[in-house]
Amino acid sequence: MNKSDNNIDNVVSEVAVSEQVTEQMEQAVDQISQPEQTAELKSAVMRERNMQTVTTKQKVGKIFVQIGLYLFLTIMALIVLFPFYWMIISSFKTLDEYYVNPPTFFPTQAFDIKNYAEAFTTGSLDILFFNTVYVGIVSTVLSLVITVLSAFAFARLEFKGKNVLFACLLATMMIPGELFTITNFQTVINWKWTETFTVLIIPFLVSVFYIYLLRQNFLQIPDELYYAAKVDGTSDLKYLWKIMIPLALPTLISITILKMMGAWNSYIWPRLVAHGDAHRLITYGLRNAFTPADGQMYDYPVQMAAVVMVSLPLFLVFVFLRKYIMKGVSRSGIKG
């Protein structure tokens, strides 16, 4: 019994000693690994702080960039809008107030609405408006017919030399417009077209840019529709009228608006070929309608009132129809 008890005591003491050794080893390991963990923890905290600092700097920098951008846009918008503001307030001034030095940036006297009535009668704006609208509508309709037929031919029909002919048309866009003006002027003089509405409409009916714009839109229409229509016996003109024109309507609206605006703003060509009052357009008419007699001052308030009335239709067109212009251009694959 004594021997067995001694053996048990020896085993127990050995186990106790091993446990003590194990605890000491774990403590030693903890003491060794604790500094390493502390260093890793400190480095992680530093990295987090650095990331937060960088993020804060980026946010602050982004805010300053946005402020600078909006400040720049605001300044540029004021620069662009100031001439329109000056035109409008000048149209309500009297002649004496207009020539005051330094100029006033807001009418100090009562708004002089008589300037608009005087501008309408003095400048014969009723005749000028009629001539301009007539030339604009006729030239726009004829230009649309030519543009649609030409774009359809280059987009869907197959004939020899199609790509070469289209490349030649595009090459003409690199020729300055002044060269066309000179040759067209010589042509209409030889044909005795001056002082007629014909000379204001015919020379600029064809626009290569409009043909290119509409052709790009037509090319986006699937060929399967055209082949299916041909299988059903549909003619090309019927397919164009029933399928392609409705699908390309936004682009056609854009072309119509741009063409009308071009006819409304035309100045150089009407000045060269139409000097009589019967065929004078509004831009050239405004330039000569308010020329004073010798020794008299320019009545700029009345002239500004006429300019406001002439600019108002274009402004309304831009405000209410600008989405159609952007939609038509974007659908044609041309972005700017």
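The side chain of R156 makes a polar contact with the side chain of D223 at 3.1 Å, a polar contact being a pair of N or O atoms within 3.5 Å, where within protein one must be able to donate a hydrogen and the other to accept it, and residues adjacent in sequence count only if both atoms are side-chain atoms. This is a predicted model, in which local features need pLDDT of at least 70 and side-chain atom pairs count only at pLDDT 80 or more, while totals for chains, interfaces and linings use all residues. Residues are numbered from 1 along each chain as its sequence is written, and side-chain values use heavy atoms, with hydrogens and water left out.

A polar atom of the R156 side chain also lies 2.4 Å from the backbone oxygen of I221. Leaving aside residues up to four places away in sequence, R156 touches several others, including F218, Y226, Y239 and M244, where contact means heavy atoms within 4.5 Å.

The structure holds three salt bridges, each defined as a side-chain nitrogen of Lys or Arg within 4 Å of a carboxyl oxygen of Asp or Glu.

| Salt bridge | N to O distance |
|---|---|
| R156 and D223 | 3.1 Å |
| E158 and K162 | 3.5 Å |
| K230 and D236 | 3.1 Å |

Because D223 lies in helix α9 (residues 223-231) and R156 in the loop between α4 and α5, their pair ties together parts that are 67 residues apart in sequence; helices here are DSSP runs (H or I, at least four residues), numbered from the N terminus.

R156 is buried at 8% relative accessible area, whereas D223 is partly exposed at 36%; buried means under 20%, exposed over 50% and partly exposed in between, with a 1.4 Å probe and protein chains only.

Note on methods: Helices (H or I, at least four residues) and strands (E, at least two) are DSSP runs, numbered from the N terminus.
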